Amino acid sequence: MTTDSATFDLPPVMTLEDCQDLHAFLQQSWGIPIALNCAAVTRVTGPAAQMMQFAAQVWEREDVGFTLADPSEGCVQTLETLGMASLLDQEGVNA
């Protein structure tokens, strides 16, 4: 993570309210580099994974930095199970 990135700390398991908070963060951070801190994640829920995938695609298309920072083992396993391991290939990921 760089100091120029906006950071959002993902909880162990995202509830609907957490997904709403992530959505608000993404809207507020549009156009600037972001880092999603995944250190505490034990499991990525489907809606959270979809939002992460969409954000990664949008930030890449806009050529703005998108980072999954410090993904936990649970985060890595869940994304791999969901077929979203490509998110772990983003620049800055420390798997």
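Threonine 78 is buried, with a relative accessible area of 13%. The cut-off for buried is under 20%, so this residue falls within that class. The model is predicted. Threonine 78 sits in helix H3. Leaving aside residues up to four places away in sequence, threonine 78 touches Thr42, Arg43 and Val44.

**Helix H3**

Helix H3 spans residues 73-81. Its buried residues are Gly74, Cys75, Val76, Thr78 and Leu79. What covers them? The cover includes helix H2 (46-61) and strand E3 (66-69). An α-helix has 3.6 residues a turn, so residues three or four places apart point the same way. After H3 comes glycine 83, whose phi is positive, near 75°.

**The whole protein**

The protein has three helices and three strands. Along the sequence they follow the pattern β-α-β-α-β-α. The radius of gyration is 12 Å, close to the 12 Å that the globule rule gives for 95 residues, so the protein is as compact as a globular protein of that length. Its C-alpha atoms fill a box of roughly 30 × 25 × 20 Å along the principal axes.

Buried residues make up 47% of the 95 residues. The accessible surface comes to about 5300 Å², and 49% of that surface belongs to carbon and sulfur atoms. Take the contacts between residues at least 6 apart in sequence: 74% of them join residues at least 24 apart.

**Aromatic pairs**

How many aromatic pairs does a search of the whole structure find? There are two. A pair of aromatic rings is described by the distance of the centres and the angle of the planes.

| Pair | Centres apart | Angle of planes | Class |
|---|---|---|---|
| Phenylalanine 8 and phenylalanine 25 | 5.3 Å | 40° | tilted |
| Tryptophan 30 and tryptophan 59 | 5.7 Å | 65° | edge-to-face |

Phenylalanine 8 lies in strand E1 (residues 6-9) and phenylalanine 25 in helix H1 (residues 16-28), so this pair ties together parts that are 17 residues apart in sequence. Phenylalanine 8 counts as buried at 14% relative accessibility. Phenylalanine 25 is buried too, with a relative accessible area of 10%.

Where do the tryptophans of the other pair lie? Tryptophan 30 is in the loop between H1 and strand E2 (34-37), while tryptophan 59 is in helix H2, so the pair ties together parts that are 29 residues apart in sequence. Tryptophan 59 is buried, at 4% relative accessibility. Helix H2 is also among the elements that cover the buried residues of H3.

Conventions. Residues are numbered from 1 along each chain as its sequence is written. This is a predicted model: local features need pLDDT of at least 70, side-chain atom pairs count only at pLDDT 80 or more; totals for chains, interfaces and linings use all residues. Side-chain values use heavy atoms; hydrogens and water are left out. Buried means under 20% relative accessible area, exposed over 50%, partly exposed in between (1.4 Å probe, protein chains only). Helices (H or I, at least four residues) and strands (E, at least two) are DSSP runs, numbered from the N terminus. Contact means heavy atoms within 4.5 Å. The radius of gyration is taken over C-alpha atoms; the globule rule is 2.2 Å times the number of residues to the power 0.38. Accessible areas come from the Shrake-Rupley method with a 1.4 Å probe; for residues, only the protein chains shown count as cover. Rings of Phe, Tyr and Trp (its six-membered ring) pair if their centres lie within 6.5 Å; planes under 30 degrees apart count as stacked, over 60 as edge-to-face and the rest as tilted.
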